[in-house]
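Here is a friendly briefing to read alongside the model. Please have the sequence and the 3D view open as you go.

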Amino acid sequence: MYNPIKTIKTNTLGTINMLGLAKRVKAKMLLASTSEVYGDPEQHPQTENYWGNVNPIGPRACYDEAKRVAESMCYAYKKQEALEVRVASIFNTFGPRMYMNDGRVVSNFILQCLQNKSVTIYGDGQQTRSFQYVTDLVEGLIQLMNSNYSLPVNLGNPEEHSIEEFATIIKKLSGSSSKIVHLKAMEDDPRKRKPDIERARLILNWFPKVELTDGLISTIDYFRNELSRNDNQWSMKQRMTY
Ligand SMILES: O=C(O)[C@H]1O[C@H](OP(=O)(O)OP(=O)(O)OC[C@H]2O[C@@H](n3ccc(=O)[nH]c3=O)[C@H](O)[C@@H]2O)[C@H](O)[C@@H](O)[C@@H]1O
């Protein structure tokens, strides 16, 4: 959303270039797709068969629609060129070594809590997300690549929280005295999101293993160390709003 044209180019031209390369060298192609393909979902939780509810001209369209066309391109190459494709629909993921200034909710809330700045909830905070820890995702991706299953597979943790609850959890775990404040809601922000992971369970025998609080404790520790290493120079980048 910060750079919509680059977002579209990376996800469309980038994917078609990689598909062409995979065809030439006879490689198997993994598309790191996203739960954003489901848009602001009218089905809850979201199964892989759900076609989604995306505003094609809204501020998120550069990402959502580009990822949707990236999926279409994978299946076009599979059909026409018999290319082996694997498509992971990745739900919100966090963990140590994530980029601290990316403007997403986990990094924003942890930085704000550790710096005792106000924790910024966009809108009423009743929108929900389901967060998975990075090691669970990596395990799922490896299992998907090692399988012979070519349709999309959701990889996410179905434990769902409102963003308001999430702010309170991070504040408590980081021992912060930050205030929680409400800012303007983001346009087209999905109201709820939770993966149905039955397909991953059945096909890959995969399910998330790391508890949210354990994952958050490791991530908060990582942020704390980075902040002290960088002499507290990190500043927080707010997402560009349209
Ligand atoms: O995992 C996914 O499927 C997608 O999740 C994210 O999109 P989003 O769910 O909007 O993630 P965040 O930007 O972290 O926002 C989550 C929620 O927290 C809210 N938020 C975010 C930041 C903040 O400071 N305050 C706040 O209330 C947002 O409005 C939103 O409702 C990523 O941006 C996508 O790259 C990814 O594909």
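**The nonpolar cores**

The largest nonpolar core has 22 residues, and Phe94, Val106, Phe109 and Phe166 touch the most other members. A nonpolar core here is a set of buried Ala, Val, Leu, Ile, Met, Phe, Trp, Tyr and Cys residues joined through side-chain atoms within 4.5 Å; buried means under 20% relative accessible area, with a 1.4 Å probe and protein chains only. This is a predicted model, in which local features need pLDDT of at least 70 and side-chain atom pairs count only at pLDDT 80 or more, while totals for chains, interfaces and linings use all residues. Residues are numbered from 1 along each chain as its sequence is written, and side-chain values use heavy atoms, leaving out hydrogens and water.

- Two or more residues each come to the largest core from helix H3 (105-114), strand E4 (119-122), helix H5 (163-173) and helix H7 (212-229); helices (H or I, at least four residues) and strands (E, at least two) are DSSP runs, numbered from the N terminus.
- H7 gives the most to this core, namely 6 residues.
- A second, separate core has 12 residues, including Leu137, Leu144, Leu155 and Ile197.

**Strand E4**

- E4 is covered on both faces, with Val119 and Ile121 buried on one side and Thr120 and Tyr122 buried on the other.
- E4 runs parallel to strand E9 (residues 180-183), joined to it by 4 bridges.
- Valine 119 has isoleucine 180 of E9 as its bridge partner.

**Glutamate 71**

- Helix H2 (residues 61-81) contains glutamate 71.
- Glutamate 71 is buried without a salt bridge (a side-chain nitrogen of Lys or Arg within 4 Å of a carboxyl oxygen of Asp or Glu).

How values were computed. Buried < 20%, exposed > 50% of the residue type's maximum accessible area, 1.4 Å probe, protein only. Lys, Arg positive; Asp, Glu negative; His and termini not counted. Pairing = 2+ DSSP bridges.
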